[in-house]
Amino acid sequence: MHGAILVLSGPSGAGKSTIINHASEKIGSYYFSISTTTRPPREGEVDGVDYYFVSHNEFEEDIKAGNFLEYATVHDNYYGTSLKPVNQALNDGKLVIFDIDVQGHRLVKAKMADLVTSAFITPPSLQELETRLYARSTDKSSVIEKRIENAKEEIKAISEFDYIIINDKIEEASARFTTIAQAARLKQSRKELSNFILTWQNPQ
């Protein structure tokens, strides 16, 4: 199996993390993309698990080298998606999974289109999403309302994705996710196709 990229997007509360965890033993070796930051670790955070923690100087050197898919400054600290661990995982033949928003999907597709398969994960309805967000009791009402408004915008981009996973029953959603992950690994880049054509035309 060669490396591939699977981008997952969808509203907060759609169950993306639950689906990944449920299917993790069935999708082969994978790397879940995490952000790089210059802020110091908080209590309990682990380098390489929660974030990659680096110095301002290291981050800025990587910016100059073009090693970030995207980055931003928040409260005087950098946050970004480094291409270095992504490329390493791809070279190791792993499936690289991004859990990012619609805009992030566009960025990944623009830079690495050949390797990208994408899926939009959503509950069966806006009403169901609202029910789930309130049921988990982890956010204030104002935050939940903001998430709901964001979801109304995100759903408009659904046609930009290769697949849709309607997360109604976790077993069915996980099975569909597993199939999509396997399909992502089978996708061939232009370079691979060109090499195949040369080999096909001129066998050793």
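Entry 1, basis. I worked from a predicted model, in which local features need pLDDT of at least 70 and side-chain atom pairs count only at pLDDT 80 or more, while totals for chains, interfaces and linings use all residues. Residues are numbered from 1 along each chain as its sequence is written, and side-chain values use heavy atoms, with hydrogens and water left out.

I searched the whole structure for salt bridges (a side-chain nitrogen of Lys or Arg within 4 Å of a carboxyl oxygen of Asp or Glu). The search returned seven.

I found a salt bridge between Asp-62 and Lys-84, with 3.1 Å between the closest N and O atoms. This pair joins distant parts of the chain, 22 residues apart: Asp-62 lies in helix α2 (residues 56-64) and Lys-84 in helix α3 (residues 83-91). I take helices as DSSP runs of H or I with at least four residues, numbered from the N terminus. For exposure, I use buried for under 20% relative accessible area, exposed for over 50%, and partly exposed in between (1.4 Å probe, protein chains only). Asp-62 is buried at 15%, whereas Lys-84 is partly exposed at 45%.

Glu-149 is partly exposed at 42%, and Lys-152 is partly exposed at 35%.

I recorded a salt bridge here with closest N and O atoms 3.1 Å apart. Lys-156 is exposed, at 59% relative accessible area.

Terms used. Helices (H or I, at least four residues) and strands (E, at least two) are DSSP runs, numbered from the N terminus.
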